[in-house]
2 protein chains.
Amino acid sequence: MKRIMLVIAYDGTNYCGWQTQKNGIAVEEVINRTLSDLTCEDIKVIGASRTDAGVHAYGNVAVFDTDSRIPGDKFVYALNRFLPDDIVIQESKEVASDFHPRHVNCKKTYEYRILNRRVPLPTKHRYAHFLYYNLDIEKMRDAAKILVGTHDFKSFCSVNTQVKDTVRTIYNIDVIRENEDVVIRVFGNGFLYNMVRIIAGTLISVGTGLTAPEKVKKMLEAKDRQAAGPTAPAKGLTLVKILYEDEDVMKNFKKSVDTAGSV
Amino acid sequence: MKRIMLVIAYDGTNYCGWQTQKNGIAVEEVINRTLSDLTCEDIKVIGASRTDAGVHAYGNVAVFDTDSRIPGDKFVYALNRFLPDDIVIQESKEVASDFHPRHVNCKKTYEYRILNRRVPLPTKHRYAHFLYYNLDIEKMRDAAKILVGTHDFKSFCSVNTQVKDTVRTIYNIDVIRENEDVVIRVFGNGFLYNMVRIIAGTLISVGTGLTAPEKVKKMLEAKDRQAAGPTAPAKGLTLVKILYEDEDVMKNFKKSVDTAGSV
C-alpha cells in the first residue's frame, strides 16, 4: 500500500465544486471514478481544498492509497488519458503514508481576476468577473495592506460556516493590473469559507470608490459578516498553488522509498 | 436608412464558424436574429471575415442597413443585452452607406496560441493548442521571416478554395513567448482559406525540429499544399483586429452625419 499525492488543475465552470454533492457533478467524484476504473480498487481521494462551484484551480491537492503497481510519478499520465478536458492532473508522486493534505501546515495562493474594461470579452467570460467601472488600484492596495497579517477574519467569512476559530494569517496581497485585467493575489496560511471572494468583493468596492480604504480596519474589528463587502462571483477565483512546508521532507521520503526499490 | 458597422468578439467553441451553415449554429446567424428582433426589420449582416468553426475573434467586423432610430454608437449596448455570453459586440458606429467590409482595403491581425508545457491546462483548453514538445522560438522566427513579404501563398492555402489569385502580403510575423504560451502573431493584407493555421502548423513543425527553417522557402516555391506543414487546430486561432485604411475617412463621414443631425 502506498499513498499518492496529486496536483490537480480544473476549470470549475461545469462542476458543483470540489466536494461530492447532490446537485451536480463534483471534481472529486470524477477523479474517484477515474482512479477506481484505472486501479480496479474502490478509491476515495482526500482533497486539500474544497473549492466552491465555479471556482477554478491550477493546483489543488489530493491524496489516495493504492496497491496499484503504477509508479507514483506515472499516475499523472495514466489519469490524464481518461479524465475530461476540464480536469487535468499536473503532477503525481508518492508521499509519506501518514501525509494528510488538510492536517499539515500549508500556504495557499489564490487569484481573483477582474476584467476591467468597457464591454465584456467572450474568451474571458468563464475566468474573470467583468466590471465596467474603472478600478483605482492604489486605493485597493491601501485597503489590502490592512488585511495583511494575523487577524480574526470573522467579517470575511460566510455565515454558513461551522468553523469556530476564525483567526487566519495573510502573508501578502498583491493587486496587479495585467493589460485589461485587475488581479488580486492572496497568499495565506488557510482561508475561511468564501474568504477570498469576500476580500475580492470588498477590494472591488474600495476600487470603485464606494468604500474608503481605511474603512476596512473597521470591517475587521466588527467581526460581523454584514460589515464587509459583498461576495465576488465564483468564476473570477482560481486556487493557484498549495505549498506544503515540509515538501522537502516528503521528497526525501520518496527518494528513500525509490532507492529501496519498493515502488 | 443608415449603415452600421459592428466590431464583434466571440468564443468560437460552440459555433460552426462565422457563416451560416447546415451543420450547426453560426455566429452570423445569432447576430442576424438578435438584430432583427431588436429592430423589427429583417436584417442580414455582411461580415468581413468568415472565420472557421472553433476560431475565436476579438474584432471581426460586420455591417448592416437599418431604419432604426437607435443611434449608431448605441447598438453595442442594445445588442449586448440580448446576445449570449460567447458573442459580445465591442463597438458600433455609423459608416458610409457604400462601405463594404470585404471590398475595401484592410489589414488583419491574427494570433495563433500554443500552450507549450508538460501537461495541458484546463483553463486554456478552449483557446490554445497544447504542445508537449519544447518549441525553439529562434528557429520559428527564422522561418517566419521567409514568409514575410508579397508571395504566392498557394502552398499555404486549403485545397478546398475557389480563389484563383493566391498572392498575398504579410507585413509581419511575431513569434513571442508569453509565460508558458508561444504566440504567433500574423499581420497581413488578407488571408487565404486556412492560411494562418497552415503557417502555424508549419512554424510548429520548424519549432519542434521536424522541418529546417530554410525549407520554408522551398514550400513557398512549390505552390502545392502538400509541400507546407499541417493545418494547426482551429481553437488556437483568434482574429484579433481588422484595420480599415480609410478609417479616418469613415470617422469624418460619421462626424458630418452627426452634425447634420440626421441620426
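Biologist: Let us begin with a single chain. Which domains does the assignment give for chain A?

Modeller: The assignment for chain A gives domain 1, made of residues 2-103 + 246-260, and domain 2, made of residues 107-240. Please bear in mind that the model is predicted.

Biologist: How many Å separate the centres of domain 1 of chain A and domain 2 of chain A?

Modeller: Taken over C-alpha atoms, the centres of these two domains of chain A are 28 Å apart. In the contact between them, domain 1 of chain A contributes 13 residues and domain 2 of chain A contributes nine. On the side of domain 1 of chain A that touches domain 2 of chain A, seven residues are polar, four are nonpolar and two are charged.

Biologist: How many residues of chain B are in contact with chain A?

Modeller: There are 18 residues of chain B in contact with 18 residues of chain A. Three elements of chain B, namely strand 1 (2-10), helix 2 (75-80) and strand 4 (87-95), each supply at least two residues of the side that touches chain A. Strand 4 of chain B gives the most, with three residues. By class, the side of chain B that touches chain A has 10 nonpolar, five polar and three charged residues.

Biologist: My last topic is helix packing. At what angle do the axes of helix 3 of chain A and helix 4 of chain A cross?

Modeller: In general, two packed helices are described by the angle between their axes and the distance between the axes. In chain A, the axes of helix 3 (residues 137-147) and helix 4 (residues 195-207) come within 8 Å and cross at roughly 140°. Helix 3 of chain A is therefore oblique to helix 4 of chain A. The crossing of helix 3 of chain A and helix 4 of chain A is right-handed.

Biologist: Which residues make the contact between helix 3 of chain A and helix 4 of chain A?

Modeller: Helix 3 of chain A provides A:Lys139, A:Met140, A:Ala143, A:Ala144 and A:Leu147, while helix 4 of chain A provides A:Ile199, A:Leu203, A:Val206 and A:Gly207. This contact in chain A comprises seven nonpolar residues, one polar and one charged.

Biologist: What angle is found for helix 3 and helix 4 of chain B?

Modeller: In chain B, the axes of helix 3 and helix 4 cross at roughly 140° and come within 8 Å. The crossing of helix 3 of chain B and helix 4 of chain B is right-handed.

How values were computed. Residues are numbered from 1 along each chain as its sequence is written. Chains are lettered from A and ligands numbered from 1 in the order in which they are written. This is a predicted model: local features need pLDDT of at least 70, side-chain atom pairs count only at pLDDT 80 or more; totals for chains, interfaces and linings use all residues. Domain bounds come from an automatic or database domain assignment. Two residues are in contact if their C-beta atoms, placed from the backbone, lie within 7 Å. Ala, Val, Leu, Ile, Met, Phe, Trp, Tyr, Cys and Pro count as nonpolar, Asp, Glu, Lys and Arg as charged, and the others, Gly among them, as polar. Axes are lines fitted to C-alpha atoms, for helices over the stretch in contact, and angles run from 0 to 180 degrees between N-to-C directions. Helices (H or I, at least four residues) and strands (E, at least two) are DSSP runs, numbered from the N terminus. A crossing is left-handed if the near helix is turned anticlockwise from the far one by less than a right angle, and right-handed if clockwise. Angles under 35 degrees count as roughly parallel, over 145 as roughly antiparallel, 65 to 115 as roughly perpendicular and the rest as oblique.
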